[in-house]
Amino acid sequence: KVAAWPVALHLLQISSPDVISYSGAINACSLGGEWHLAMELLVEMGKARIQQDAISYNSVITACETGNQWNLSLELLRSMKENQLQPTVITYNSVMSACQKW
């Protein structure tokens, strides 16, 4: 079984990235257990002035849940609120699940 996240990162590099392509790459990293890469992509989105949304945050929070990074998932929830993004049911469920694994 081949991991999709390296392909997603490559496609992101050769395309004109937008919120959809970044969110797709973040999700691929999340599914591949690469929480640190998912986090880096979220930060990169901000630096590229591409509007982060609840979907991109949720994917990173899910990656943190999988990677047992409960503290980072809480920090991301805080960051969403600071950036006036409305957390969703998925956001809260993922954060609670990450904290349960602690």
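This is a predicted model: local features need pLDDT of at least 70, side-chain atom pairs count only at pLDDT 80 or more; totals for chains, interfaces and linings use all residues.

Reader: Is Val60 buried or exposed?

Author: Val60 is buried, since its relative accessible area is 0%, and, leaving aside residues up to four places away in sequence, it touches Ile26, Ala38, Met39, Leu42 and Leu76.

Reader: And how far apart are Val60 and Leu72 in space?

Author: Their C-alpha atoms are 9.5 Å apart, while in sequence the two residues are separated by 12 positions.

Reader: What about Asn58, buried or exposed?

Author: Asn58, which also lies in helix α4, is buried as well, with a relative accessible area of 8%; not counting residues up to four places away in sequence, Asn58 touches Thr88, Ile90 and Thr91.

Reader: Going back to the whole helix, how many residues of α4 are buried?

Author: Of its 13 residues, 10 are buried, so α4 is largely enclosed by the rest of the structure; among them are Ala54, Tyr57, Ile61 and Cys64.

Reader: Which helices do those buried residues pack against?

Author: The buried residues of α4 pack against α2 (19–31), α3 (35–47), α5 (70–82) and α6 (89–100).

Reader: Changing topic, what span should α4 have?

Author: Helix α4 covers residues 54–66, and at 1.5 Å a residue its 13 residues should span 18 Å, which agrees with the 18 Å between its end C-alpha atoms.

Reader: And which residue with a positive phi follows α4?

Author: That is Asn68, whose phi is near 60°.

Key: Residues are numbered from 1 along each chain as its sequence is written. Side-chain values use heavy atoms; hydrogens and water are left out. Helices (H or I, at least four residues) and strands (E, at least two) are DSSP runs, numbered from the N terminus. The expected span of a helix is 1.5 Å times one less than its number of residues. Buried means under 20% relative accessible area, exposed over 50%, partly exposed in between (1.4 Å probe, protein chains only). Contact means heavy atoms within 4.5 Å.
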